[in-house]
Amino acid sequence: MTDSTTVSRGAQMADTDDRPVVLRLTDVVKTFPGVRALDGVQLEVRAGEVHCLLGQNGAGKSTLIKVLAGVHRPDSGTVEWLGEEVSFANPQAAMKTGIATIYQELDLVEDLSVAENAFLGHEPRRFGFVRRAQMARVTREILGRLGHAEIPPRRLVRSLPAAGKQIVSMARALSHEAKLIIMDEPSAVLAHDEVENLFRIIRELTAQGIAVIYISHRMEEIREIGDRVTVLKDGRTTAANLPARTTPTRELVSRMTGRTIEYVFPDRPPADASAEELLRVEGLTRHGEFADVSLTVAAGEIVGIAGLVGSGRSELLETIFGARRAEAGTVRVAGRTLRAGSVGAAVRAGIGLAPEERKSQALLLGEPIYRNVTLATFSRLARVGFTNAEREVAEANRIADTLELRPRDVHRAVRQLSGGNQQKVVVGRWLLGETRLLLLDEPTRGVDVGARAELYQVIRDLAAQGVGVLLVSSEVPEVLGLADRVLVMREGRVIHEAPGSELDEETVLDLVMAGALMEGAAA
Amino acid sequence: MTADEATATAVPGEATATAAAPGQTKQHGHGAGANQSWWRSDASDYARRNLGLIGVLVALVVIGIITQPQLYSDATWVKNNTFTILQQASAIGVVTVGMTFVIIGGGIDLSVGAIMALAGVWATTLATQSYGAGGMIFTGLVVGLGVGLVNGVLISYGRLVPFIATLAMMVAARGLAAEISNKQTQVSTSQFINDLASAKLLGIPVLVVILVAVGALGWVLLNRTTFGRRTVAVGGNVEAARLAGINVKAHTLMLYALSGLCCGIGALMLTSQATSAQAAMANMYELDAIAAAIIGGTLLSGGRGTIVGALLGVLVFSTITNLFSINGLSTESQNMIKGAIIVAAVLIQQFRFNALTQFLSRNKAIRA
Ligand SMILES: Nc1ncnc2c1ncn2[C@@H]1O[C@H](COP(=O)(O)OP(=O)(O)OP(=O)(O)O)[C@@H](O)[C@H]1O
Ligand SMILES: [Mg+2]
């Protein structure tokens, strides 16, 4: 096997081989109390290449890039940057030498404007005054390059949707004169066309000789944009510099996990026409977000919503859940109309929502994992107002087992988990208790291949037990593979509805982008 | 370098690395993991912090012994002085328990001193006193609770910022207290109330017993009940709490009501100690209560805090006061020292033994 890969790699690598190595990590170790996050990592990045990092949730990818970005200092090992051994005291130091980073968890200041965020810490100045006009102009330029000229530079970041925020952190990275740009799961919040956009920008950057480190759990992306791949497992490099396009997926996955996982969706049971209707939404409207949306979810049915980011999907879920108040329309659960704008009523009716943004909408970062898992159920597990920690821990352990949470210690603070593992906590919360209708907003965001398969199975199992699921995902294959019925949303309206088995990715993308089949198909 | 080196694939390091550090991979089992996880956990973080405060208390006593050796050689004096310190801490301690809840829940209550004055004054009007001790206690508690409820409604349903709402209440409640009392000191004629301050239960002053009881109830409420869990959730991440189905508004309302109730209890305790009440009583208690909660480890931004820490904070302050009075020093210098202590305590907290923790765990890793 080694022989054959060497050969194929040789052929593929020819074009990058002569480029100079800009970054070399040797035996980098980083420990946190009780955890060896990095345990001897090797990495070599060449100018102008897209170097992908692969690894399961908790493998140490984010920790590695934080070491590079000067957030963490390695315990041992060397980092050579542009031929010199470096040790960055802080992120500013790393930025000054030309390393820009887009972090997995957005690190924007919500109450500053888009431009202020893009230039945070290196504002253009004259006589000590920030040159606001210039800052806004350059930001507009960068946003234009990113294909988002419509975002006003002076708008507050708080008011942007998740994808918009991602664009702003990208703008921040581009506002530096960087020689290396690190992107930690940049596509996790992006829709299909946005990813294309991102790739276009990456190609522009690499053409200028800028190196890119790209982290993603999506294999197709790595195939499309990557040049070489380094695989991490349990904080160690298990494979370095594999050709991104030709290495078989099976090999990559087994390097990541030590086993082979089939990336498949669980079987879809035949449609059950007799299943009772669980959710009926009629004419739901919120100005500027979505209009006149009607849909139903039956018990045991998984309904997927496909659409671009900004097509009103997340807002729709939040409105059904009562976190936003509808301007018109009704939400009925098992025949009973829900009080508008009341989350409490929705939860009592058995609805659960796993929101899109885990950090700001879902997690108590400083609290233990088990308390985060039981955040919506601790009252039900309690006895006459007294919390039942034992049962909570037991339930959390059960969830942690099903979702392969790592590390498995549910007493740890959620803050210490890797991004994908935090996501499992968010989704896991609603797998407990008496949820009858599950609203999932990007449930697999940042979750690795293996755990993703587990999660799909868990969702399917829930449906088999009679739970209704309404699923929003930017990954069209996920919607198609998992959902019994698919709704396509565009600009706040449902424009198409069909069984998941009758749609293919291309059709959905056509619908989503152009609304080509809009006539006659509108719900 | 050669092309071979540059493209050297795959796993040569895997076998060797595994051999080099067995058992130190991330999936450490529950052996080492569980051991380490206690002193890394929040509980241990709080424990360390509380130990720090106990250290400060010990240091203060040592300073007392050094400066007044002859007093400290008298065992009865020491016992009585200890009770004095605890009694002085009792009313403010009760209020601090309520304040701690409010702050953990993401709010702040600047009106506690004013609520105490209003409750104290209302409980000692001639009309109220005509109903006897029972009437006084009832009035004190209801006024405290009622004002707390008003705070809560303004904040949760009126959407006022807690700082503003309770600042307004601070001014208004003192004004009302002055109005009711006609700016006069109202003497309590209830024997029961007046005796309470000197009464003892099993040799322990009743006021101290009340403080301990409120502290214990507060601890249970925060750490063992769904109410406490909601408080932490609301203060830690309002949006997450709301999306998990917690009724944030109702809970916020209850937090301020709880604080108001604590003020009512505290007001009665102060009234008993002074055998009177006036509009200027409990002056600046809000700052003392906030300071005690903060040095006790409560995060001003909400989501974290302990009752034990807050009460230790109160004890530190009242021990300082005592130290100054037995040495016959002025209140001005006392306030200076208090300020210094607040800053020092917060600085120590920020240090949070992080460096030490990392150092120790690294050594452990190397040894293994
Ligand atoms: N501040 C911290 N304290 C303790 N442990 C931490 C801390 N940060 C990360 N870890 C641990 O280090 C390991 C590596 O985490 P890291 O975030 O690098 O994973 P990752 O590869 O980025 O995963 P994901 O794909 O889920 O984002 C995990 O086990 C994580 O729990
Ligand atoms: Mg990560």
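## Close-up views of a predicted model

**View 1. A:Leu232 stands opposite A:Thr237 in strand S12 of chain A.** Welcome to this predicted model; we start with a pair of neighbouring strands. S11(A) and S12(A), the latter covering residues 236–243, pair in the antiparallel sense over five bridges. Together the two strands form a hairpin, with two residues between them. Look in the turn for A:Asp234, which has a positive phi of about 45°.

**View 2. Strand S11 of chain A also pairs with strand S3 of chain A.** S3(A) spans residues 50–54, runs parallel to S11(A) and is joined to it by four bridges. One place to look is A:Cys52, which stands opposite A:Val229 in S11(A). How many of the six residues of S11(A) are buried? Five of them are, so this strand, residues 228–233, is largely enclosed by the rest of the structure.

**View 3. A:Thr319 sits in helix H10 of chain A.** The helix takes in residues 313–320. Is A:Thr319 buried or exposed? Its relative accessibility is 4%, and because buried means under 20%, A:Thr319 counts as buried. Leaving aside residues up to four places away in sequence, A:Thr319 touches A:Leu284, A:Arg286, A:Phe290, A:Arg324, A:Arg325 and A:Ala326.

**View 4. The second largest pocket is lined by parts of chain A and chain B.** This pocket holds about 1300 Å³ of space, and 50 residues line it. Nearest its centre you will find B:Arg242, B:Ile246, B:Asn247, B:Val248 and B:Lys249. Which elements each supply at least two residues of the lining? From chain A come helix H11 (343–348), strand S18 (351–354) and helix H14 (378–381). From chain B come helix H9 (132–157), helix H13 (226–236), helix H14 (238–243) and helix H15 (248–274). By class, the lining has 22 nonpolar, 17 polar and 11 charged residues.

**View 5. Chain B has 19 helices and four strands.** Chain B has 368 residues, of which 49% count as buried. Among its contacts between residues at least 6 apart in sequence, 78% join residues at least 24 apart. The accessible surface of chain B comes to about 16800 Å², and carbon and sulfur atoms account for 68% of that area.

Note on methods:
Residues are numbered from 1 along each chain as its sequence is written. Chains are lettered from A and ligands numbered from 1 in the order in which they are written. This is a predicted model: local features need pLDDT of at least 70, side-chain atom pairs count only at pLDDT 80 or more; totals for chains, interfaces and linings use all residues. Side-chain values use heavy atoms; hydrogens and water are left out. Buried means under 20% relative accessible area, exposed over 50%, partly exposed in between (1.4 Å probe, protein chains only). Contact means heavy atoms within 4.5 Å. Accessible areas come from the Shrake-Rupley method with a 1.4 Å probe; for residues, only the protein chains shown count as cover. On a 1 Å grid over the protein atoms alone, a cavity is a set of points where a 1.4 Å probe fits but cannot get out, and a pocket is an open set with protein on both sides within 12 Å along at least five of seven lines; lining residues have an atom within 4 Å of a point. Grid points are joined across faces, edges and corners, and a volume is the space filled by probe spheres set on the points. Ala, Val, Leu, Ile, Met, Phe, Trp, Tyr, Cys and Pro count as nonpolar, Asp, Glu, Lys and Arg as charged, and the others, Gly among them, as polar. Two strands pair if DSSP finds at least two bridges between them.
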